[in-house]
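Please look over the chain shown below before reading on. The briefing that follows takes up its pocket, its core and some backbone features.

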Amino acid sequence: MEEAGRTAGMGTKPLMRVLDGQREAIPPVWMMRQAGRYLPEYRAVRQKAGGFLDLCFNPELAADVTLQPVRRFGFDAAILFSDILVIPLALGRMVWFVEGEGPRLEPLTDAKALLSVRQEADQKLLAPIYETVRRVKNELGPKTTLIGFCGAPWTVATYMVAGQGTPDQAPAKDMAKREPKAFEYMIDCLVDAAVDYLEQQLEAGADVLQIFDTWAGSLPPQDFERWCVQPTKRLVAKLRARQPGTKVIGFPRGAGKNIPRYVDETGVDAVSLESGIDRKFAVEQIQSRVPVQGNVDPLILRAGGAALDKEVDDVMQAFSAKPFIFNLGHGILPDTPIAHVEQMLKRVRGT
C-alpha cells in the first residue's frame with residue numbers, strides 16, 4: 001500500500017493529528033478494553049458468540065463489538081476487538097480460554113519446545129481478523145481513528161512459556177536465563193509474526209497500531225533492553241520498511257524510568273502511560289520526546305464521583321499543554337458503571 005493512500009484524510013482525525021505532534025484543545029479520547037463486559041450490548045453478543053476465541057474470529061460479531069463503544073460514547077478511536085494470543089495460535093500452539101480464569105496455552109518447558117515454534121504465522125487462520133478490520137473501517141466516520149494492535153514479543157512469550165498468566169513472569173525469566181539462544185529464537189519468531197500480522201491490519205484499514213507490552217515492567221534493566229526494547233525496535237523497523245509512515249503507539253507497562261530509553265531506541269510515535277507513573281517525570285522526560293496517552297486510574301473511573309472529577313482534572317492539567325491522547329492507565333474494569341464513563345467524557349470535553 002502506498003503511504004499516501006493510507007494517510008489520506010488523516011488530517012480530519014484528531015488522534016492522528018496528535019500523533020503528528022499537534023496539540024488538540026480537547027484531547028482525543030478512547031479507552032483500553034473499551035469494547036468489553038461493562039457494556040450490556042457486549043455481553044449480549046458475547047453470549048451469542050459462545051467462546052471468547054469464537055468471538056475474536058467471527059468478523060460480523062467482532063466488528064459489532066469493536067464499534068459498540070464508538071456508537072455509545074462517540075470515542076475518537078475504535079480499537080480492533082481481538083486478543084494478543086492469536087499470534088501463538090497462528091504459530092501452531094494450542095490456545096484456549098477458561099471462563100473466569102483467563103488464557104491457557106501448551107507451556108514451553110525446555111529448549112526443544114522453544115525451538116519447535118513455527119517461524120511463520122498461519123495467515124489463513126488470521127484472515128477473519130483482517131476481515132473484521134475491513135468491516136469496522138467501512139462503518140467508521142471520517143474523524144474516528146481505527147487502531148490495530150498486537151502483543152509485544154516479550155509479553156506474548158511469557159504466556160507461551162508458562163502456559164498462562166503468572167504474577168511475576170518467573171517462568172519466562174528463568175527460561176531466558178537457562179536457554180537464551182532458544183528463547184531468542186522464539187522471540188525472533190514472534191517479531192516476524194507480529195510484523196506480518198500488523199502489516200495485514202494496515203492493509204485492511206487500520207490507521208495506527210499499538211504494541212502492548214503488558215509485562216515489560218517485570219524485567220530488570222539489562223533484560224529490559226534485550227527482551228523488550230530490542231525486539232520492539234526490530235518490529236517497528238521491519239514494519240516501517242514495508243509500510244513507510246506507519247504510526248505506532250508503544251505501551252511498555254510498568255517500565256517507569258526506562259520509558260525514555262524505550263522511546264528513543266524503538267522509534268515509537270507515542271507512548272501509553274500506566275496509572276502509577278509519576279506525572280511530573282512523564283511530562284519532563286517522556287512527553288518532551290513524543291505524545292503521550294493515558295493515564296487515568298481505572299479504579300478511580302470505577303469509583304466515580306468527586307474522585308473521578310479530580311482525576312480527570314489532574315490528568316488534563318498535567319498533559320494537555322502538549323500533544324496528548326486521553327485514556328486510562330490500563331483497561332477499563334468490567335464492573336465500571338456506564339454513567340462513570342459518561343461523567344469522565346463530559347469532564348474532558350467540557351460538555
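In which loop does Arg 33 lie? Arg 33 lies in the loop between α2 (14-19) and α3, where helices (H or I, at least four residues) and strands (E, at least two) are DSSP runs numbered from the N terminus. This is a predicted model, in which local features need pLDDT of at least 70 and side-chain atom pairs count only at pLDDT 80 or more, while totals for chains, interfaces and linings use all residues. Residues are numbered from 1 along each chain as its sequence is written, and side-chain values use heavy atoms, with hydrogens and water left out.

**Backbone features**

- Arg 33 has a phi near 60°, a positive value in a residue other than glycine, and at 53% relative accessibility Arg 33 counts as exposed (buried means under 20% relative accessible area, exposed over 50%, partly exposed in between, with a 1.4 Å probe and protein chains only).
- Gln 169, in the loop between α9 (153-162) and α10 (170-178), also has a positive phi of about 60° although it is not a glycine, but Gln 169 is buried, with a relative accessible area of 2%.
- Gly 294 and Asn 295 are joined by a cis peptide bond with omega about -20°, and Asn 295 has its place in strand β8 (residues 292-296).
- As background, most residues other than glycine have a negative phi, and most peptide bonds are trans.

**The largest pocket**

- The largest pocket has a volume of about 1,400 Å³; of the 39 residues that line this pocket, the closest to its centre are Arg 33, Arg 37, Phe 52, Asp 83 and Phe 97.
- A pocket is an open set of points on a 1 Å grid over the protein atoms alone, where a 1.4 Å probe fits, with protein on both sides within 12 Å along at least five of seven lines, and lining residues have an atom within 4 Å of a point; grid points are joined across faces, edges and corners, and a volume is the space filled by probe spheres set on the points.
- The elements that give two or more residues to the lining of the largest pocket are α3 (40-49), β2 (95-98) and β3 (102-105), and β3 gives the most, with three residues.

- Arg 46 is found in helix α3 and counts as buried at 18% relative accessibility, and the side chain of Arg 46 reaches the backbone oxygen of Gly 50 at 2.4 Å.
- Beyond its neighbours within four places in sequence, Arg 46 is in contact (heavy atoms within 4.5 Å) with Gly 51, Phe 52, Leu 55 and Glu 99.
- Gln 210, placed in strand β5 (residues 208-213), is buried with a relative accessible area of 0%.
- The side chains of Gln 210 and Gln 293 make a polar contact (3.1 Å), a term for a pair of N or O atoms within 3.5 Å, of which, within protein, one must be able to donate a hydrogen and the other to accept it, while residues adjacent in sequence count only if both atoms are side-chain atoms.

- Asp 192, in helix α11, is partly exposed, with a relative accessible area of 30%.
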